[in-house]
Amino acid sequence: MARSLYLAYDGSISGDWVARYALRMAGTVPDRRLLLVHIQDGSMNAERLEAKLQHIASEGRALDVELSVQIQRLTQNVLTSLLEVIPAGDDVYCICGARATSRGKGFLAGTVSQRLLRARKFNTLALRVVDPGLLGRPGNIMFPLGGHPRGFQAAMPFLQLLAPSIHTLTLLRIMTVNSLLFRYLTIARARDFLHKGNLYLRQVMEEIMAATGSPSFRFDDHVVLSDDWPKEILIQAARLHARLILLGASDRFLQSRFYYGNRLEQILRESPCDVGIYRKI
């Protein structure tokens, strides 16, 4: 099934950084084409926008990627306008930015990107770029895995789009334990948790190998015990020198318009590296 890649581009400097990821991912699809969609909401000067689009197209040519641009007039709101342009389908991927638009606002909560993830019309990846110097080539990607029975199924398409830019795939399984229980955890119980985590990671690695054949990247797997899931992700990302954290989005974390206490927002806000929030339909 041929994949179509769309970039929801807002014209910001953050959007320019996200575009570099999108261009590299577009280089993995058969037609090597990225469809950029910009909604005219009156926030950007036309000449400035044209200069930015020309620069993105130039970067695309350097990667042998064709950039197609569609500028759409604002209808009801930005979300509605984007959904009018980007077709629904499980072979469609939308890449967008995750950034704080003003002080006191979340990186995802209440944003158009959050609504795109919630819409489930197509596969969506929302990126917060912390290190623009990577130029969309993170190298070391960390996947914190929640132990879902479907394994790596939801994450696999995004891994395949990013695969040429990976040299190390870090799989992290955090075995979360209740705070009170964590303080009194016996050695035997801890070993049992770690054993289950290692079994799960082995299954995931086998699944990835089966889907990718002989990948060019190496695996680095880690199982840890913790009573604080987001804090542990941030600690491990710094310790393992991750350059991109990829997290699957669930309904529970996407419903809130508020960011205080939201675990995804905590990671987006405090991350030492780039962060991607993905959702497969």
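# Helix packing and the mixed sheet

The crossing of α3 and α4 is right-handed (a crossing is right-handed if the near helix is turned clockwise from the far one by less than a right angle, and left-handed if anticlockwise). The model is predicted, so that local features need pLDDT of at least 70 and side-chain atom pairs count only at pLDDT 80 or more, while totals for chains, interfaces and linings use all residues. Residues are numbered from 1 along each chain as its sequence is written, and side-chain values use heavy atoms, with hydrogens and water left out. Helices (H or I, at least four residues) and strands (E, at least two) are DSSP runs, numbered from the N terminus.

**Helices α3 and α4**

- Helix α3 covers residues 78–85 and helix α4 covers residues 112–119; they pack at an angle of about 45°, with their axes 10 Å apart (axes are lines fitted to C-alpha atoms, for helices over the stretch in contact, and angles run from 0 to 180 degrees between N-to-C directions).
- This angle makes α3 oblique to α4 (under 35 degrees counts as roughly parallel, over 145 as roughly antiparallel, 65 to 115 as roughly perpendicular and the rest as oblique).
- From α3, the residues V78, L79, L82 and L83 make the contact with V112, R115 and L116 of α4 (contact means heavy atoms within 4.5 Å).
- By class, the contact of α3 with α4 comprises 6 nonpolar residues, no polar residue and 1 charged residue (Ala, Val, Leu, Ile, Met, Phe, Trp, Tyr, Cys and Pro count as nonpolar, Asp, Glu, Lys and Arg as charged, and the others, Gly among them, as polar).

**Helices α1 and α2**

- Helix α1 (residues 13–26) packs with helix α2 (residues 46–62) at an angle of about 25°, and their axes are 10 Å apart.
- The two helices α1 and α2 are therefore roughly parallel to each other, and their crossing is right-handed.
- Residues I13, D16, A19, R20 and L23 in α1 meet K52, I56, E59 and G60 in α2.
- The contact of α1 with α2 has 4 nonpolar, 1 polar and 4 charged residues.

**The sheet**

- An open sheet is formed by 10 strands in the order β3-β2-β1-β4-β5-β10-β9-β6-β7-β8, with mixed pairing (two strands pair if DSSP finds at least two bridges between them).
- At the edges stand β3 (66–73) and β8 (218–226), each with a single partner strand, so one side of each has no neighbour in the sheet.
- From one strand to the next, the twist averages 25°.
- Strand β1 (residues 4–8) runs parallel to strand β4 (residues 89–97), and 4 bridges join them; L7 has I95 in β4 as its bridge partner.
- Strand β4 also pairs in the parallel sense with strand β5 (residues 122–128), over 6 bridges; the bridge partner of C94 is T124 in β5.
- Strands β6 (residues 139–145) and β7 (residues 166–176) pair in the parallel sense over 7 bridges, and I141 stands opposite L169 in β7.

**Helices on the sheet**

- Helix α7 (residues 187–212) lies across β6, β7 and β8 and runs at about 155° to β8.
- Helix α8 (residues 229–239) packs on the sheet and touches β6, β7, β8 and β9 (244–248), its direction making about 140° with that of β8.
- Helix α8 also packs with helix α10 (residues 263–270), at an angle of about 25° and with axes 9 Å apart.
- Helices α8 and α10 are therefore roughly parallel to each other, and their crossing is right-handed.
- W229, P230, K231, I233 and L234 in α8 meet R263, Q266, I267 and E270 in α10.
- The contact of α8 with α10 has 5 nonpolar, 1 polar and 3 charged residues.

**Aromatic pairs**

- The structure holds 5 aromatic pairs (rings of Phe, Tyr and Trp, the last by its six-membered ring, pair if their centres lie within 6.5 Å; planes under 30 degrees apart count as stacked, over 60 as edge-to-face and the rest as tilted).
- One of these is the edge-to-face pair of F143 and Y278, at 6.2 Å centre to centre and with 65° between the planes.
- The pair links distant parts of the chain, since F143 is in strand β6 and Y278 is in strand β10 (residues 274–279), 135 residues apart.
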